[in-house]
Amino acid sequence: MTANGKISLTIDGRELEVESGSTLMEAVGQTGQETPVICYHEATTPEGLCRLCVVEVEGWRTLPPACVTAVQEGMVVLTDSERVERSRRTILEMLNASVDLSQAPKIQEQMGDLGADPERFPGARARQFPLLDDNPFYVRDYSKCLMCWRCVQACGVDMQLSFALSVGGRGHDSKIKTFFDNPMPDTTCVFCGDCIAVCPTNALKDKTKHYLEQGLDYDAIRLEKKKARMREKNSD
Ligand code: SF4
Ligand code: FES
């Protein structure tokens, strides 16, 4: 540590000093570069889930995720080594093989940047779930969900404190769910929309947008929403 309490390290051959307690991602940001991310969002607590942000640290056996790894004195970091790029590319190829990323433009862009092959794992088992349409405000399509947990955190401690969403199941069958798989109106959801705002893949989608994609015009959408409200009222 330097006399002013900062940590000195080297990133891609450039020496710099950063505040103690900074993450590698923040340190990389100081060099003017951006680390590619999926699960990280500035408004939610980083959990280091997707691993797209990995970097290479000299002397370290594994590639640490930059969003949750703290800087250490004397680190020598590479952000674009062949190993880093291969790892990021493989993560994207594996995700693409198992999750519907057709409405995730940022991730499609990352795949293009890294030269990821969308056909690399043709035999992979896709995660497929029926569309959940159980409330007047939004739909949930977990076939598009890559389990970044952003929605769970936005619904919970990071924003809304509603805790309507949680993570359930194991391995390939794990998914985001409500308690006991209850329909959304029977949960603590307040329909704030924060979960939709942080979802990177459009797995969570505003109902109007969903209907427009189905080819309905605004008059038809108003009618659909009215019918949904009536159904909900009658079921009370
Ligand atoms: S629904 Fe969206 S925000 Fe929630 S975990 Fe899946 S991809 Fe992430
Ligand atoms: S962005 Fe760092 S692990 Fe996902």
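Two residues are taken to be in contact if their C-beta atoms, placed from the backbone, lie within 7 Å. The structure is a predicted model, in which local features need pLDDT of at least 70, side-chain atom pairs count only at pLDDT 80 or more, and totals for chains, interfaces and linings use all residues. Residues are numbered from 1 along each chain as its sequence is written, while chains are lettered from A and ligands numbered from 1 in the order in which they are written.

By the contact criterion, and leaving aside neighbours within four places in sequence, Leu 131 is in contact with Val 139 and Asp 141. Leu 131 belongs to the loop between H3 and strand S5 (138-140); helices (H or I, at least four residues) and strands (E, at least two) are DSSP runs, numbered from the N terminus. Although Leu 131 and Asp 141 are 10 residues apart in sequence, their C-alpha atoms are 4.7 Å apart in space. Burial is assigned by counting other C-beta atoms, placed from the backbone, within 10 Å of a residue's own: 20 or more for buried, 12 or fewer for exposed, and partly exposed in between. Leu 131 is partly exposed because 13 other C-beta atoms lie within 10 Å.

An open sheet is formed by four strands in the order S2-S1-S4-S3, with mixed pairing; two strands pair if DSSP finds at least two bridges between them. Its edges are strand S2 (14-19) and strand S3 (56-57), each of which pairs on one side only. Strand S1 (residues 6-11) runs antiparallel to S2 and is joined to it by six bridges, with Thr 10 opposite Glu 15 in S2. Two residues separate the strands in the hairpin of S1 and S2, where Asp 12 takes a positive phi near 50°. S3 and strand S4 (residues 76-78) are likewise antiparallel, joined by two bridges, and Val 57 stands opposite Val 77 in S4.

Helix H2 (residues 82-98) has 17 residues and reaches 25 Å from its first C-alpha to its last, close to the 24 Å expected at 1.5 Å a residue (1.5 Å times one less than the number of residues). Within H2, Arg 88, Ile 91, Leu 92, Leu 95 and Asn 96 are buried. These residues lie on the same side of H2, because they cover an arc of only 130° around the axis, the arc being that of the directions from the helix axis to the C-beta atoms. Glu 82 and Arg 86, on the other side of H2, are exposed. Helix H3 (105-114) is included in what covers the buried residues of H2.
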